[in-house]
Amino acid sequence: MQRMKTNKNFKSNLITYGIVIVAFAIAQTLQSTGNLSSLMKGLLVPICVYVILAVSLNLVVGISGELSLGHAGFMCVGAFFSAFFSKCMVDVIPISGLRFFFAVLVGAAGAAVFGVLIGIPVLRLRGDYLAIVTLAFGEIIKNVINVFYIGRDSNGFHFSMKDQFSLGMEPDGVMLLSGPQGITGITRDSSFLAGVILILITLFIVLNLIDSRDGRAIKSIRDNRIAAESIGINITKYKLMAFTVSAALAGMAGALYSHNLATLQASKFNFNTSILALVFVVLGGIGNIRGSVIAAVVLTALPELLRGLADYRMLIYAIVLIVMMLFNWAPKALEWRERYLGRIFRKSAKEGK
Amino acid sequence: MAVMLDVKNLGISFGGLRAVNGFDLKIEKGELYGLIGPNGAGKTTVFNLLTGVYKPNEGCVMLDGQDITGKSTIEINKAGIARTFQNIRLFKDMSVLDNVKAGLHNHYKYSTLAGIFRTPSFRRTETEMNERAIELLKVFDLDGEVDYLASNLPYGKQRKLEIARALATEPKLLLLDEPAAGMNPNETQELMDTIHFVRDNFHMTILLIEHDMRLVSGICEELTVLNFGEVLAQGKTAEVLNNPQVITAYLGE
Amino acid sequence: MSLLSYLINGISLGSVYAIIALGYTMVYGIAKMLNFAHGDVIMVGGYAALTMMLSLNANPLIAVLVAIVVCTVLGITIEAIAYRPLRQAASPLAVLITAIGVSYLLQNIVLLIFGSSPKSFQSVVLVPDLKLAEGALMISGETIVTIISCIVIMIALTTFINKTKAGQAMLAVSEDKGAAQLMGINVNGTIALTFAIGSGLAAIAGVLLCSSYPSLSPYTGSMPGIKAFVAAVFGGIGSIPGAMIGGILLGIIEILGKAYISAQLADAIVFAVLIVVLLVKPTGLLGKKIQEKV
């Protein structure tokens, strides 16, 4: 009996990895046979970014059960830390792949540190308050990065919170980070292959974490905090674990994102980006990791492919979000589904997710 | 016999309301003890005080010789008290098996990284957890439903699963809050047998809140009657139930 | 003198936040939901008034009235279509996510109709500027009208809630929906009325905000909306005087932060205040404590 269940989860996870690998193979084949439009080529890395972002957000929203509205903030930290690292290390590590590997680690680690620092106060709150405070932190991160100026010359690093000129650099100085203008001239180290590898790493971490002792603890807190306490589960520890892992993975997405751009500005990581990730999570099914992957791919590619829809993209997202929530959560809609689609849903519910 | 739970002069107020006052209770190891009283007498509040959900304003709680007064719910569970809830609190979106395995959390360990990388220690521990969980589920005749979502179980089985989950934490003292609520007479009879079985086979001390007098008189060896937050009567079940004050409190003048 | 004029500007901005925060706090108190789209209702109010004045050459006062009507209808509609079906939903996050969807829907509908470029807003205020201390201190007409409107609204709302039957019904619903229903109160109607009042106030706030800061775009409402929510939390969510105090304090903090610390960090400062308040006193300045029943 127990063996059957482990096998089932394992099989379901394999399908998820399989979907990613097959999608990668198809995209690569199309690209090498020249069947991929330049528009679509440009989307390959951003799609990977959004998949990682959505999967990592689902760990907090779906598995840990807390609504985070500041996910873009962690992506922002990862993007800036990794891009800053790469800019400093261009001469030290000349091999692009190796440099990117370390940049991703730096981005993830930076975001994880912020995850812990922000998580400790935030996770004391609940529900709406938690959501609004994560939003606040996301905005604060963006605003704070916007006022930093860092340069380097023969004397070392210079730092200011006012402007470029107060750095007082020698003529040979190079700007590394210039406030709202952000970081320019980033080495474009990311690639579609790197993106897909990062997706697989993200899935490996998230899927295995969910299906382990720690994952059970996280889910038990989501389902019933008081009962989880009553069986001796440390609420703070496991909420913080989910939050931090999620932040680190978002940081990884940020690293992938920043190394695909020539210029990186903090204003890109606004509330809209956080909401976009949330739309993917909701549409793919809250708590359903494979769903997040598919939703992120489809929703990123579709509006761009159907050119005419590009203007209506956000409008469509908004409508989809509302309709999905009503259909999945409104008691009347659930009743209706039970009545007309009852047999199918009962069957899948019994088997668990 | 040795004392498992020793409560002295426990009290708590909410605002101006005195919910529990001067509550004393002594339960011996292996005893099946009942806490009864009219609605609103403060029975569940006593449970919440014992399990650290509320912090008492005064008094002390000793569990098996260890002072647990004012400790957190988590510490108290680790010290050896597990409970069920009046309004069932299962992990609804988790499988029946995972509900019990969550209860095993503090007794079977491997690191987070071992879990992510599926090391041999992960596999070994998970297998042991599965075996232990199935063993517990068998006691409650739930081993046929391991893969069901907890919320899909019928009501009576949900109550049993909650007890199984509590037992998984390997407590010394088990608190059951109205275990027979909503059950029909057959189910109640079956539950009484199960409670007996748990006490005998797990060498458990059990304190339960119950309104079903048949269950109370059938399995509890001793009783405490609570009324308006204070102890009205205490002692052997038969004596307490024949106490005229208790009858008045339940049936009115 | 500059400190004084900053303070007055702060109170003026804070008064707008306070009016928006009243809508948040009433809805939160009664429907127990964070109406994320509230800020965008402000923006719709601004566009409604602007359209009336530009296209139909309407008198500013009539434009304001039309904006109020539009927003009130909008508020009731949103509640009925998007929020009411989710009131009994299992997860409290469901309605919040839906509200975020509504917020985006409003922004994008307006974006499609009016375009993304900011429109310059024509002030609706006819009161002349006030010059004090021989011209050293100038208080604009907008500031005067905003502060007075805020005080009038606060008094009117308090009177409404305490003296009228509908107001008492609101209090009852906010305490216990089920019990209120059993007492014969029309719970759905009361919640709809709350949304109506909140959205009507949002229209007024929108017009006042755009009169003081005369630029209107589909995103105009979102930041003031979020900040007004911060104000409501700051003052204690569910409390009307709390929303007032929270709003005004927040306006002052923002303006002083902009003036003395950093213009770019002003928003960060406002959010930092929210975080500190929630951590030190999670119920806000005047809020009530709620304990979960076990």
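Against which helices do the buried residues of α12(A) pack? In this predicted model, they pack against α10 and α13 of chain A, together with α3 (60-83) and α4 (92-114) of chain C. The buried set within α12(A) consists of Met314(A), Tyr317(A), Ala318(A), Leu321(A), Ile322(A), Met324(A), Met325(A), Leu326(A) and Trp329(A). An α-helix has 3.6 residues a turn, so residues three or four places apart point the same way. The length of α12(A) agrees with expectation, because 17 residues at 1.5 Å a residue should span 24 Å and the end C-alpha atoms are 24 Å apart.

The contact between the two chains involves 35 residues of chain A and 37 residues of chain C. On the side of chain A that touches chain C, the elements giving two or more residues are α5 (127-145), α10 (271-284), α12 (313-329) and α13 (331-340), and α5(A) gives the most, with twelve residues. By class, that side of chain A divides as follows.

| Class, side of chain A touching chain C | Number |
|---|---|
| Nonpolar | 28 residues |
| Polar | three residues |

Chain C itself has eleven helices and four strands, and its C-alpha trace spans about 60 × 45 × 35 Å along the principal axes. For its 294 residues a compact globule would have a radius of gyration near 19 Å, and the 19 Å of chain C agrees with this. Of these 294 residues, 53% count as buried, while residues 24 or more positions apart account for 75% of the contacts in chain C with a separation of 6 or more.

Notes
Residues are numbered from 1 along each chain as its sequence is written. Chains are lettered from A and ligands numbered from 1 in the order in which they are written. This is a predicted model: local features need pLDDT of at least 70, side-chain atom pairs count only at pLDDT 80 or more; totals for chains, interfaces and linings use all residues. The radius of gyration is taken over C-alpha atoms; the globule rule is 2.2 Å times the number of residues to the power 0.38. A residue is buried if 20 or more other C-beta atoms lie within 10 Å of its own, exposed if 12 or fewer, and partly exposed in between; C-beta atoms are placed from the backbone. Two residues are in contact if their C-beta atoms, placed from the backbone, lie within 7 Å. Ala, Val, Leu, Ile, Met, Phe, Trp, Tyr, Cys and Pro count as nonpolar, Asp, Glu, Lys and Arg as charged, and the others, Gly among them, as polar. The expected span of a helix is 1.5 Å times one less than its number of residues.
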